[in-house]
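Try each task before you read its solution.

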Amino acid sequence: MDAPTTTSSAGNDGGGNSGDWGWFTPSRKPADDQPRSPEADGASEDRAAGRRVSPIHPAGTQAERRAAPPVPAPASPIAPASAVPPASAVPPETGREAGREEHQRPDEASAPHRARPAAESVFTAPETASPDAILLRRTMAEIEPVSDKVTSYFYALLFVQHPELRPLFPAAMDAQRDRLFKAILTAARLIDDHDILSDFLSRLGRGHRKYGTQPEHYPAVGECLIAALTRYATSTWSDEAEAAWVRAYTSISQIMIDAAAEDELRAPAWWQAEVVGHESRTADIAVITVRPDQPYPFLAGQYTSVETPWWPRVWRHYSFASAPRADGLLSFHVKAIPAGWVSSALVHRARPGDVIRLGPPAGSMTVDHASDNGLLCLGGGTGIAPIKALVEDVAEHGRQRAVEVFYGARSDHDLYDIDTMLRLAQRHPWLSVRPVVSDGPTSGLSGRLPDAVRQYGPWNAFDAYLSGPPGMIRSGVDALMGVGVPSHRIRHDSIEELMAAAE
């Protein structure tokens, strides 16, 4: 998500007036036979101290919340005009995908990696689903056709009832409008998978420190969530459904809260980083090198979020283009796209001496150095950046593991980093680099990247890594599974694939 999402760091006593329901209190208590989570039962003795918040009570009765007229978006909830770019400076949005960079890394709202499962309804509950999971999925299935209305109502309600939260969000909401809501729904779909849910939400909680999210913000989000669901889930909403959502949101919130509190003890909310290098590779691609103001720990294959001084509170995600370096410098490959606020600023405006912000590192597309498997790497466009980092990582560990890189682009001209990759191949005999061009003449392979991979192999002794545009990730996963690579050995961080893990 590119704005604060759900939760805070509170004990469940909610200041002493919410009983055993914790700080997230429904309008009615649930039926006695409904399951209760430990978080909802007040088991909070070992949680971080000093993280209490007030209980929330959705305003009015269920009937009143349903009958309420739509809440208008606040006319001017944005903080001082001086902090908001003039209208003429705001790039036009081009629909729901506006603002996505060509190789913008996934949002922190995405769930942990798993390959796409067989086609089925997003909200189909497995036979082993808990009663709460069934109720949550029924609600989500009902609101899916009107998700735009639900999201708009949710944000309008949040900003009208809690205007103090508006400055935490970008001035222009179009690009990130539904990220918060999607994150909540993704977590709700994972409610029965505790290990995956905890990993997902812990990363989310740590990442959201950079937005200035505080414990007291989260009850407001929960209150507005319940109000939006009550209004639009007219067929499936009931006392039991509301109680299930209360339990789920309380559990979701507490995991994020605790992760943020723990992370606060060992890492800053963000790093300042000075631009020390800006190299234009093409008219719209630049390699940007920065020096963080303090040590920045990360692993090759991971990514971070970036905020520029020109677009406050707008964060975009980019992969590290090299393995950790002795000098502490970090590099990124950025492609400017239409309506790409951060990417355009980094490519066309940033210069040495400018200071940007970095969020914490994230991502699971890292090398298992305990394995002897080879690495099969597919990098499309600027997705070659983390692939290059993985190659450097293998080289630094000094093990002779076969690494096969397929570097895809539309034309030879778009293979902007091919010389670097070929020099690496000359230096390391275990590395093979094959350029693949989909359009126009080429001295390399012609066609689509997944098709080229099928021509080689077998790949049964390789772990696969994919990085690039979402469409390439999807087709690449399908191709690899089609030639026998098991899903647990396919690694990537595409948001579409990540979100599919919750289906």
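**Exercise 1. A residue and its contacts**

With which residues is Thr282 in contact, leaving aside its neighbours within four places in sequence?

Solution. Keep in mind that this is a predicted model. Set aside the neighbours within four places in sequence; Thr282 is then in contact with His413 and Tyr416.

**Exercise 2. Polar partners**

Which side chain makes a polar contact with the side chain of Thr282? Which backbone nitrogen lies 3.1 Å from a polar atom of the Thr282 side chain?

Solution. Start with the side chains. Thr282 and Asp284 are joined by a polar contact of 2.8 Å. Now turn to the backbone. The nitrogen is that of Ile285, 3.1 Å from a polar atom of the Thr282 side chain.

**Exercise 3. The hairpin**

How many residues does the hairpin use to join S1 to S2? In which sense do these two strands pair?

Solution. The hairpin runs from S1 to S2 through 4 residues. S1 covers residues 271-280, and S2 covers residues 285-292. The two pair in the antiparallel sense, over 7 bridges.

**Exercise 4. From strands to sheet**

In what order do the 6 strands of the sheet lie? Which are the edge strands?

Solution. Begin at S1 and look for another partner. S1 pairs with S6 (residues 355-358) over 4 bridges, again antiparallel. Here Trp271 stands opposite Leu358 in S6. Next take S2. It is joined to S5 by 6 bridges, and the two run antiparallel. Ala286 stands opposite Val334 in S5. Now write the whole order: S4-S3-S6-S1-S2-S5, an open sheet with antiparallel pairing. The edge strands are S4 (315-319) and S5 (330-335), each pairing on one side only. Neighbouring strands of this sheet are turned by 40° against each other on average, direction ignored.

**Exercise 5. A helix across the sheet**

Which strands does helix H8 lie across?

Solution. H8 spans residues 341-348. Helix H8 lies across S1, S2, S3, S4, S5 and S6. To S5, H8 runs at about 110°.

Key:
Residues are numbered from 1 along each chain as its sequence is written. This is a predicted model: local features need pLDDT of at least 70, side-chain atom pairs count only at pLDDT 80 or more; totals for chains, interfaces and linings use all residues. Side-chain values use heavy atoms; hydrogens and water are left out. Two strands pair if DSSP finds at least two bridges between them. Axes are lines fitted to C-alpha atoms, for helices over the stretch in contact, and angles run from 0 to 180 degrees between N-to-C directions. Contact means heavy atoms within 4.5 Å. A polar contact is a pair of N or O atoms within 3.5 Å; within protein, one must be able to donate a hydrogen and the other to accept it, and residues adjacent in sequence count only if both atoms are side-chain atoms.
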